[in-house]
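Reader: I am new to this structure and would like to learn how its features are read, one after another. Could we look at it together and begin with a sheet?

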Amino acid sequence: MKKAILFLEDGKRFYGRSLSVAGDTIGEAVFNTAMTGYQEILTDPSYAGQIVVMTYPLIGNYGVNAEDVESKKIYLQGFVVKEFCRQHSNYRANQSLIDYLDQNKIIAMEGVDTRALTRHLREAGAMKAIISTADFDEKSLQAKLAAAPSMEGSDWASKVSTDKKYVWPSPGKPRFKVAALDCGIKTNILRILGGLGCEVHVFPSKTKVEDILAVSPDGLFLSNGPGDPAAVTEVINTTSQFFGKLPVFGICLGHQMIGLALGGKTYKLKFGHHGANHPVKDTANGRIGITSQNHGFCVDVQSLNAKDVEILSVNLNDQTVEGLRHKKFPIVSFQHHPEASPGPHDAHYLFGYFIEMMKKGKRA
Amino acid sequence: MPRRDDIHKILILGAGPIVIGQACEFDYSGTQACKALREEGYEIVLVNSNPATIMTDPEFADHTYIEPLTPEFVELIIAKERPDAILPTLGGQTALNIAMQLWEKGVLQKYNVKMLGANYEVIKKAEDRECFKQAVVKCGLAVPKSGFARNMDEARQIAEEIGFPVIIRPSFTLGGTGGGFAYTAEELEEVAARGIESSMIHEVIIEESIVGWKEYELEVMRDYKDNVVIVCSIENLDPMGVHTGDSITVAPAQTLTDREYQVMRNASLAIIREIGVETGGSNIQFAVNPQDGRMVVIEMNPRVSRSSALASKATGFPIAKFAAKLAVGYSLDEIRNDITRETPASFEPTIDYCVVKIPRFTFEKFPEAKDILGVQMKSVGETMAIGRTFKEALQKGLRGLEIGHQGLDNKVDYRKISKDKLRDRLANPNASRIFYIKYALQKGWSIDEIAAVSLIDPWFLGQMKQILDLERELVETFQRVEDIPAELLRRAKEYGFSDGQLGQIMDKTEAQIRAWRKARGVIATFKLVDTCAAEFEAYTPYFYSTYETEDEVAIQIQKNQKPGEPAKKKIMILGGGPNRIGQGIEFDYCCCHASFALKEMGFDTIMVNSNPETVSTDYDISDRLYFEPLTFEDVMNVVDAEKPDGVIVQFGGQTPLNLAWKLHQAGVPIIGTSVESIDTAEDREKFSKMITRLGLLQPANGSAHSTEEAVAVARQIGYPVLARPSFVLGGRAMRIVYDEKSLLSFIDAAKEVSQGHPVLIDKFIEDAIEMDVDAVADGEDVFVAGLMEHIENAGIHSGDSACVIPPPTLSTDLVEAVKKITCQLAKELKVVGLMNIQFALKGSQIYILEVNPRASRTAPFVSKATGIPLAKIAAQVMAGKKLREFNLSYDTISRLKHFSVKESVLPFSKFSGVDIVLGPEMKSTGEVMGSGLTFGEAFAKSQISAGQNLPVEGNIFISVKDEDKRPVVMIAKKFADMGFGIVTTPGTGKVLRSFGIDVREVSRYDEGQGEGINAMTMIRERKIHLIVNTPSGERSQSDMRAIRSAAIAHDVPYVTTLQGALAAVNGIEERKKKKFTVRSLQELYRMRDA
């Protein structure tokens, strides 16, 4: 156990202890309010480039297991909690969280007043931060932060995308063939699509249109992922070429990229939505679902042409847009995570939009 | 959709008296509902028999009926008030059962009363175990293997199919009454029979035992649009097998992965939809097999419950208030979250702390009952603690219990505990198991070993081990506390160690530790409970202490201070902590009133309390709420943060009073009666001197510090004597002692209770009339608000005896004399605020038994009976107002046109094997009130409310001690004249017959085995309808025990005093005469003022 500092871009400091891994790590500090699901959060590629602060103070209670992973590794830059658990307990656990973080060489910090930190991030906004176990010099830390790129304008998606195309099979007889552009796709999306009868061909994010068409997909899926959507220009460009040709479905970053490809704009939220308790209202039937969310950017509704696009759902906390549908073309996207993992399953049904669009497309 | 316009007048049912399994959480939920619905403009009719509740204050409803909560009485109220709708889901199982019966009898249909929240079919589906099981299975979920039995043959067959052990639960009861485990066929015979008996529909479910599985509960809310949210998840530290009310529980769930939690969440959504709870809150219980994760559904409450109160306090999400709003047509997204003001209620709270609830038991009051926990709830109260870690919350909770522990400390030397005893205490759940876990850890048991024996999840044990490890680190590494680095000390505080506990460990006083840590900058900080883990700005002033870097109190006070306006003066009110026998809802009632009254005067009010069931811990009662244990350290932390202008200690019962001296010495400004006066009243010697000085009378008395002294004092005074430890509440360990041998055994037992304080010995005045007086004084004037004549003679604890306002048998002269003495004492003690005096009247002699310069248990009853808001007046007087400003006159009381009777409610049915005799130690958990134009009517109603269903025909069993044999004649004659058959034991029978009363003699249980009819069989066969049995002295107390126990088991009303029997005669006469009339408090006060 070493003393560690979390130094924020605006000069605010928080002290705590690091577990075994030493050194420096830089990322955008964001807080997540989910009370369960730390393993899913750790392995969610959307957190690449970020230092995640958990607001729930006791983390690691149920250890880690082989199943609850959203990708092959931990993507986030640093992990900050109040207290790590020393005696985990769960029948599925095969390792302690501390060992898992250690094995993955993640700089993790405990003993932090995470509530004060959260309040600060809420007031001042998400910002660059550095965790260090060795360097406590303010000037030096400030300089390191200044040298690091900002989240805005950063294309993180291509960094976390798969190198090679692969196929996620459907457990049964496949009914649809889906081409997915991987910008940091969560495994549960693949599990759910597979379960709905989709054979998913997962492509690197920068795959060319012809290569995608070569597998003759029934629909295009745009995945979640990290970073600024506006910086992922190639994918946006690729996406726009499918509009009107194939059903397109997007989640989170995918949703934002669809918004951009439709000619809209995105903007950065002050501290984003990261949690598992966000109420989203379906504008069609008034039903409210509790959703899992993880995004720092948002589609600007005003920038979209209301003649082309309708709003499917809104976030009841801050009225931001949560779902979009194109009025002419088969394009649907959601800002929150219908695949949950972690979080409530209330929005699972939204995958039905994609399936319906593909069914229609096949009939046509 | 906005509120419903098709209804205007709503009937709300309360939960009745506080009993084990149903406590003040329903005052909390009912009060919230009344407030919420009146806010919406509905006319509210409220029925609750419990006068100690806030909800029955006349200003909370338009028509407040303190009348029996029975279908008959509620029907009378419906016929009179003609409400459009009934809200039955906020008054616990009592309200739900009544609504069900009213439906079944066709009353609701007849008067066209709509059921809000849940209708008949929904309740039936959720409560009837067969229907519920079918519904769960329909959702694709699993339940434990089980079967239903309506008789013993069916019970035997089902148990055989499932295999032992099995668990037996009666359908339609509260707190699991009458349930239990059966490990063998013999046990099945007993437990199943009891269960069938106590079920409202004579049915039990016999179930596969899932003892030792992990137990969870989810609080669910649904609106009419079918939006469902989970408010809170709760995990039990004590696994399946211990009633959840008796379990230590933790929020949120700790050991579920997200995947498992979501499965449980989905199940909850499916169940609430399948059952069809239209609007409002429900809770659903689950068990999870720790080996393979198999999940089964245990049960559901389609109503607000004890857990919803806990969940509301744990998260800041006001379930009952929202449930009321949903019931009248709102949807979740139409209701704002009070805390954030910006976001809607249609979300799931997320918390950034850990909450631990610990039950408070009272086995010391019932020495014959075994301290073993099972499926039948036995705890009488609970405390909740909030901390940033489980360790902190657990230790705060343990000291908040007020059972002499300062945290997870050692009360006994663990080295002296045998391995067998340790194993037994770990394996068989009991009130002190949590401490035995620590002893086991100290003895070197591994977590795995303890888990294997106790079946408690290793996660909890690991947390406890960390506490112990830190304790060891402190003790073993550092000789002196001064050597402990500040950082380690801070960690100890983060782990929840109290100053006193650290003092114990480091051999220092609490004050030394406190001074030292403060000097080192280790100071408590306060965090906000905000439903959203700081994601949104919160406005609700609900705090808990912890040891962190940022303190949010200062920030919020600054934020709320309007520029240019002077800061408001602050008054802090100390609450009563966990409910226990002798200290419960009555004191919370007073604390809430203090807060209301002081707010009205323009003060900022600050509430400190640790009881999640209460109204006082609702965040919108006071300007700021601190959910903290009521210990010196925790209270001082709040004092340091708030710097109040005044602190009120006299409203929360003995708990804050016990802190008074220490707080006073620490410079805390205690307002009201001075700490010195409190001491004069509590200290026997000073008290005696005062009584002599004033020329008043008190029973001969003395105090003793040793056994020898006690014997000498008792000899000098002469037996019988009343012996008790000093500085205790509710007559703890108090006994009437008839001889020296009993005195010695008393002193032995009293040692643990009195904790160094002397033992008090008073002459016991036999056959005296006891009287309670509640008054309020401002230092100059005294207002005597309530004169209560006890129905039982002196010697029964005043909390257990029935009493009546105004006193029906006392002469005006006597009453005037009592009032004069009251004024004399109030002036002498310079009382500012409330005062309660107990008198014993023998002939024309007025003995003063006790003076309590504080809120009494009877303050709410007096307020309801007289219509004078006693607690409110007292609080304002304490804050500087004068009595003359209130326009009070004793006239208000003398003009009362009705009688009000308070009757106590006893928990005997929960403790099998315990004798039901009343004595000087208080045993009741709650109270009811009956009112009427005659004493008889009021008494009869009070008996009905207390569950003592006075018969109008049938047989009366009379068996009295020798001294009572003559006076009982008149009573027996009256019964006979009313047409009752008189059944007696031979001794009593002989006397009665000689006075010409026709009696049927039977033998007692013990004498009559096998030879014809005896009293026991008659009770079992329901051929006895009332029992009059006065037990004689100490000698043969257990003689009639079996009969009294049978009375409890078979729900036969019983009286154990002659005065009670006489009152019963009055009540029965009234019952036979006519149908009852119901009257609201508002009407009764109007009658007075007419």
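Author: Strands of a sheet pair through backbone hydrogen bonds, either parallel or antiparallel. In chain B of this predicted model, an open sheet of five strands has the order 3-2-1-4-5, with parallel pairing. Strands here are DSSP runs of E of at least two residues and helices are runs of H or I of at least four, both numbered from the N terminus, and two strands pair if DSSP finds at least two bridges between them. Strand 3 (63-65) and strand 5 (114-115) of chain B each have a single partner strand and stand at the edges, so one side of each is left without a neighbour in the sheet.

Reader: What should I know about the numbering and about the limits of a predicted model?

Author: Residues are numbered from 1 along each chain as its sequence is written, while chains are lettered from A and ligands numbered from 1 in the order in which they are written. Because the model is predicted, local features need pLDDT of at least 70 and side-chain atom pairs count only at pLDDT 80 or more, whereas totals for chains, interfaces and linings use all residues.

Reader: Which residue is the bridge partner of B:V45 in strand 3 of chain B?

Author: The partner of B:V45 is B:H63, and strand 2 (residues 43-47) of chain B pairs with strand 3 of chain B in the parallel sense over three bridges. Helix 2 of chain B packs on this sheet and touches strand 1 (9-13), strand 2 and strand 3 of chain B, and its direction makes about 160 degrees with that of strand 2 of chain B. Such angles run from 0 to 180 degrees between N-to-C directions, with axes fitted as lines to C-alpha atoms, for helices over the stretch in contact; residues are in contact if their C-beta atoms, placed from the backbone, lie within 7 Å.

Reader: How is the packing of two helices described?

Author: Two packed helices are described by the angle between their axes and the distance between the axes. Helix 2 (residues 71-81) and helix 3 (residues 92-104) of chain B pack at an angle of about 70 degrees, with axes 10 Å apart. That makes helix 2 of chain B roughly perpendicular to helix 3 of chain B, a word used for angles of 65 to 115 degrees, while those under 35 count as roughly parallel, those over 145 as roughly antiparallel and the rest as oblique. On helix 2 of chain B the contact is made by B:P71, B:V74 and B:E75, and on helix 3 of chain B by B:I98, B:Q101 and B:L102. These residues divide into four nonpolar, one polar and one charged, where Ala, Val, Leu, Ile, Met, Phe, Trp, Tyr, Cys and Pro count as nonpolar, Asp, Glu, Lys and Arg as charged, and the others, Gly among them, as polar.

Reader: Which order do the strands have in the open sheet of four strands?

Author: In that sheet of chain B the order is 6-9-7-8, with antiparallel pairing. Strand 6 (146-149) and strand 8 (180-182) of chain B stand at the edges with a single partner strand each, so one side of each is left without a neighbour in the sheet. Neighbouring strands of this sheet are turned by 25 degrees against each other on average, direction ignored. Strand 6 of chain B pairs with strand 9 (residues 204-208) of chain B over four bridges in the antiparallel sense, and B:F148 has B:I205 of strand 9 of chain B as its bridge partner.

Reader: How many residues of each chain are in contact across the two chains?

Author: There are 45 residues of chain B in contact with 41 residues of chain A. Helix 9 (258-275) and helix 16 (458-477) of chain B each supply at least two residues of the side of chain B that touches chain A, and helix 9 of chain B gives the most, with six residues. By class, this side of chain B has 16 nonpolar, 15 polar and 14 charged residues.

Reader: Where is B:L883 placed?

Author: B:L883 is in the loop between helix 30 (870-878) and helix 31 (891-894) of chain B. Among the residues that B:L883 touches, not counting those up to four places away in sequence, are B:D778 and B:V877.
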